[in-house]
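Please keep the sequence and the three-dimensional view at hand while reading.

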Amino acid sequence: MDTEVIKITESHLSDSVSELARAADIIKSGGLVVFPTETVYGLGADATNPEAARKTYEAKGRPSDNPLIIHVAKASDAEKYAYTTDLYYRLANRFMPGPLTVILKAKETVPLATRGGLDTVAVRCPSNKIANKLIELSGVAVSAPSANISGSPSATNASHVIDDMMGRVEMIIDGGDCDFGLESTIVKIDGESSVTLLRPGKITVSELSEVAREVKVADAVTGELKEGEVALSPGMKYKHYAPKSDVILLDADTSSVIEYIKNSNKGKIALISYREDVEILKNSLPDAFIYDFGNKSDEIGQAHELFFILRDIDKKSFDTVYAPLPKKEGISLAIYNRIVRAAAHKIIKL
Ligand code: TXA
Ligand code: MG
């Protein structure tokens, strides 16, 4: 398939409405359009068209029991596709448009193919203006998983998308770097005052707690599923974000890290390092490749860098990559959740 790549600047959206209308026509006629969002790029299709869902799974190489998030232009458009609740609107008033996905009971307007056979559906209203306008012009909810081949990190700029999706979709909209760089926070509504966090993102547990009285955190957010345990979110059971190199998280201070690596024999090595430690690591371990992960306290910067670094690691093929163990709180919980999967849960405490 020929893939058309168009460039649109979010801050000059009005110059590109006719191009976006063309993208919307592709979606309306059952085709696939990759578009930017404030989290990661999405692989967009008509959420009400089962054949478009089938094409989405095929383009991504994703199992068809792993449901798609449906994207709406306004929070109240969720009514057409799901049974909303008072808590949904309280969350929407605070966090939408924005990087929050809410799981609700589905209406029949969303075909089973889109929701992976579940009786629920994931709803999100993105704030990126290109995404929002594309959905509005499509006149329908747009299903969009992250626009990466299944198993590789989500795409956060057009070059990642082109690497993965060229020839697999009708159109790619290049809207530059995604603002946040990790996927949306996903919550399931349990009752009128309680939610369960299924995937951590930019919207944190403490922010959610300002709206829902109780915020439970699903076990799979921080740990591995135990044998026999059922994943609340089907995506949790698949291995994600895994680079080809062996990734190991080190729970240690800088001098112990240096000592440990000097004494280990792990071939071609890379380290993901907080900015404060980059110089000392470069001087102490001259043969290692050092990735600058941003300042220790700059969670936003680290979230933005993570998938760039993981994709670069795949290109450079190291034998072993060491990374610091993030904290399990605030935005760091989202970083922890992705990096611990990239490391297949290998953590060494020194
Ligand atoms: O930021 C994002 O959410 C991006 C952008 C494009 O919006 N999308 C995204 O989609 O990350 P995807 O498909 O890569 O991840 C969605 C996750 C999957 O793990 C899936 O299993 C889960 O959401 N999910 C979807 N529908 C669900 C449902 N009804 N119940 C539980 N989990 C669901
Ligand atoms: Mg994904």
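The sections below describe selected parts of this predicted model.

## The five-stranded sheet

Five strands form an open sheet with parallel pairing, in the order β15-β14-β16-β13-β17. At its edges are β15 and β17 (347–349), each of which pairs on one side only. Neighbouring strands of the sheet are turned against each other by 25° on average, direction ignored. Helix α10 (residues 299–316) packs on the sheet, where it touches β14, β15 and β16, and its direction makes about 160° with that of β15.

Within the sheet, strand β13 (residues 246–251) runs parallel to strand β16 (residues 320–324), and 5 bridges join them. Leu 250 has Pro 324 in β16 as its bridge partner. Strands β14 (residues 269–273) and β15 (residues 289–292) also pair in the parallel sense, over 4 bridges, and here Leu 271 stands opposite Ile 290 in β15. In general, strands of a sheet pair through backbone hydrogen bonds, either parallel or antiparallel.

## Helix α9 between two strands

A right-handed β-α-β unit is made by β14, helix α9 (residues 275–284) and β15. In α9, the buried residues are Asp 277, Val 278, Leu 281 and Ser 284. They lie on the same side of α9, because they cover an arc of only 150° around the axis. An α-helix has 3.6 residues a turn, so residues three or four places apart point the same way.

The buried residues of α9 pack against α8 (254–263), β14 and β15. On the other side of the helix, Glu 279 and Asn 283 are exposed.

## Helix α4 and its surroundings

Helix α4 covers residues 129–138, and its buried residues are Ile 130, Ala 131, Asn 132, Leu 134, Ile 135 and Ser 138. Among the elements that cover them are α1 (17–28), β2 (33–35), β4 (69–71), β8 (142–143) and β9 (171–174). At the start of the helix, a side-chain oxygen of Asn 128 reaches to within 2.8 Å of the backbone nitrogen of Ile 130. Just after α4, Gly 139 takes a positive phi of about 70°.

Is Ile 130 buried or exposed? Ile 130 counts as buried because its relative accessibility is 0%. Leaving aside residues up to four places away in sequence, Ile 130 touches Ile 8, Thr 9, Glu 10, Leu 13, Leu 20, Pro 36, Ile 173 and Gly 175. Leu 20 is 110 residues from Ile 130 along the chain, and the C-alpha atoms of the two are separated by 8.0 Å.

## Strand β6 and its partners

Strand β6 (100–106) is largely enclosed by the rest of the structure, because 6 of its 7 residues are buried. Strand β5 (residues 82–83) runs antiparallel to β6, and 2 bridges join them; Tyr 83 stands opposite Lys 105 in β6. Strand β7 (residues 120–124) is likewise antiparallel to β6, with 5 bridges between them, and Ile 103 stands opposite Ala 122 in β7.

The pairing of β6 with strand β10 (residues 185–189) is parallel and has 4 bridges. In this pair, Thr 101 stands opposite Ile 186 in β10.

## Loops and backbone geometry

Most residues other than glycine have a negative phi, and most peptide bonds are trans. Ser 317, with phi near 40°, is found in the loop between α10 and β16. Ala 344, with phi near 45°, has its place in the loop between α11 (332–342) and β17. Ala 344 is partly exposed, with a relative accessible area of 37%.

Which two residues does a cis peptide bond join? They are Met 96 and Pro 97, with omega about -5°. Pro 97 lies in the loop between α3 (86–95) and β6. Another proline, Pro 153, belongs to the loop between β8 and α5 (158–165). Pro 153 is buried, with a relative accessible area of 2%. Pro 153 and Arg 311 are 158 residues apart in sequence, while their C-alpha atoms are 6.8 Å apart in space.

Conventions
Residues are numbered from 1 along each chain as its sequence is written. Chains are lettered from A and ligands numbered from 1 in the order in which they are written. This is a predicted model: local features need pLDDT of at least 70, side-chain atom pairs count only at pLDDT 80 or more; totals for chains, interfaces and linings use all residues. Side-chain values use heavy atoms; hydrogens and water are left out. Buried means under 20% relative accessible area, exposed over 50%, partly exposed in between (1.4 Å probe, protein chains only). Contact means heavy atoms within 4.5 Å. A polar contact is a pair of N or O atoms within 3.5 Å; within protein, one must be able to donate a hydrogen and the other to accept it, and residues adjacent in sequence count only if both atoms are side-chain atoms. Two strands pair if DSSP finds at least two bridges between them. A crossover is right-handed if, with the strands pointing away from the viewer, the path from the first strand over the helix to the second runs clockwise. Axes are lines fitted to C-alpha atoms, for helices over the stretch in contact, and angles run from 0 to 180 degrees between N-to-C directions. The arc is that of the directions from the helix axis to the C-beta atoms.
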